[in-house]
Amino acid sequence: MDFFKLKEHNTSISKEFYAGFTTFLTMLYIVPVNGFILSDAGLPIDAVITATALITILATLFSALWSNTPIAMSVGMGLNAYFSYGLVLGMKIPWETALGIVFLSGILFVLLSLTNFRVWIMTSIPMSLRRAISAGIGSFIAFIGLKQMGMIVSNDATLVTLGDFSNSNVLLGVLGLILSFSFYAYKLRGAFILSIAITSIVAWTFSLNTTPTDFFSAPSSISPIFLKLDILSALSLSLLPVIITFLITDMFDTLGTLTGVGTRANLFQENNKNDKSLQKTLEADAIATVSGSLLGVSTTTAFIESASGVEEGGRTGLTAVFTALLFVTTLFMLPLFKSIPSNAIYPVLVVVGVLMFTELGKINFEETDLATSAAAFLIVILMPLTFSITNGIAAGFLIYTIIKLVKKEYKDLNIGILVITFISALAFIF
């Protein structure tokens with residue numbers, strides 16, 4: 001195992017396996033969850049489940065061998081919801097075109113990951129706005145989860161109101177939500193998949209959903225979504241803000257994940273011999289996004305759940321190799337995944353949304369200026385209200401730039417901010 005330099009990282013094969021198994025348990029939920037989310041956009045759930053498992057295996061394995069880090073990758077939460085509910089259902093964009101958007105954002109990420117763009121974007125955009133974007137996406141996917149569960153419904157007078165809590169399916173979702181929060185609060189390994197399993201068993205017991213007759217089968221074909229992306233339709237000036245949104249969000253998500261995991265594993269430190277692994281992990285992330293769009297899924301990114309494996313001692317790419325190999329088993333679980341009731345799945349969106357929303361607490365609104373406060377507010381509030389991550393980011397950067405210009409605080413307006421503001425303006429013009 002000299003390739004992974006286990007002795008240099010003070011680890012062992014057994015420790016790496018246990019860490020990889022832990023990461024597998026904590027992120028196993030993504031396979032059925034992503035299947036449900038993308039199927040809402042019209043993609044066949046059988047093919048999506050197989051494609052999700054495949055890209056998780058391939059991306060995680062590639063990252064492990066390329067960067068030698070314990071980082072697992074799969075279809076990112078947040079952008080998959082934006083893909084289905086924001087683009088396809090909201091903007092009425094065909095899912096094939098949406099996959100083309102993911103492909104183009106991935107190509108841009110590949111090109112930029114080979115440069116110092118990551119450093120430029122990190123220094124260009126204020127930390128408070130980056131945190132607001134994360135919090136906004138959190139509020140967006142939590143809103144989607146509550147809506148899909150039936151806990152909130154449309155209302156002519158107030159736009160939204162509480163759903164019918166006498167409905168058994170809504171109560172099932174409430175159970176799933178309570179279990180998800182409770183298990184996560186106790187830091188149980190596989191908290192999400194455990195809550196999904198218990199909620200599903202309750203649904204099957206009380207005949208709220210079809211009980212599975214088989215648990216395993218051969219993998220479903222991905223031919224209905226494989227190479228079905230429409231790149232030419234995505235090459236539109238009106239869709240440029242959306243492409244940039246996918247690019248920036250993926251980059252922020254990845255850098256945030258790698259920063260958090262890297263701190264625990266003593267990786268990705270400046271002036272450290274392991275710093276090259278950050279560049280390689282970013283490259284793997286970008287290539288995974290492009291590959292995922294070809295397979296038929298939305299943006300692939302580094303998973304924060306990798307931190308669970310790091311906490312168990314995972315320090316090298318061998319951890320990720322074990323995680324990828326364990327995900328091979330999910331290729332044969334299609335009947336089980338399809339039998340899971342939707343209201344066992346959507347509570348996970350709410351909990352993930354809450355976890356992302358906590359980034360807002362790191363913004364000191366008492367010390368920030370009006371431009372930052374107004375921008376953060378619009379980013380967070382408009383994402384769920386307009387069902388669009390793009391609209392939230394665009395409004396935030398526009399108001400930030402306008403207030404800075406009015407107050408003549410030109411020193412805070414660098415090239416990066418101005419470029420994003422210009423692209424943001426396009427989002428409203430088109």
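In which handedness of crossing does H7 pass H18?

## Helix pair H7 and H18

The crossing is right-handed; that label applies if the near helix is turned clockwise from the far one by less than a right angle, and left-handed if anticlockwise. H7 spans 127-149, and H18 covers residues 389-406. Their axes lie 10 Å apart, at an angle of about 150°. H7 is therefore roughly antiparallel to H18 (over 145 degrees). Axes are lines fitted to C-alpha atoms over the stretch in contact, and angles run from 0 to 180 degrees between N-to-C directions.

From H7, Leu129, Ile133, Ile137 and Phe140 meet Ile389, Ile393, Phe397 and Tyr400 of H18 (heavy atoms within 4.5 Å). This contact has eight nonpolar, no polar and no charged residues.

## Basis of the model

The model is predicted: local features need pLDDT of at least 70, side-chain atom pairs count only at pLDDT 80 or more, and totals for chains, interfaces and linings use all residues. Numbering starts from 1 along each chain as its sequence is written, and side-chain values use heavy atoms, without hydrogens and water.

## Largest pocket

The largest pocket has a volume of about 1600 Å³. Its lining has 47 residues; Tyr184, Thr257, Ile304, Glu305 and Leu355 are the closest to the centre. A pocket is an open set of points on a 1 Å grid where a 1.4 Å probe fits, with protein on both sides within 12 Å along at least five of seven lines; lining residues have an atom within 4 Å of a point.

H11 (240-265) gives the most to the lining, with 10 residues. By class, the lining has 20 nonpolar, 15 polar and 12 charged residues.

Notes: Grid points are joined across faces, edges and corners, and a volume is the space filled by probe spheres set on the points. Helices (H or I, at least four residues) and strands (E, at least two) are DSSP runs, numbered from the N terminus. Ala, Val, Leu, Ile, Met, Phe, Trp, Tyr, Cys and Pro count as nonpolar, Asp, Glu, Lys and Arg as charged, and the others, Gly among them, as polar. Angles under 35 degrees count as roughly parallel, over 145 as roughly antiparallel, 65 to 115 as roughly perpendicular and the rest as oblique.
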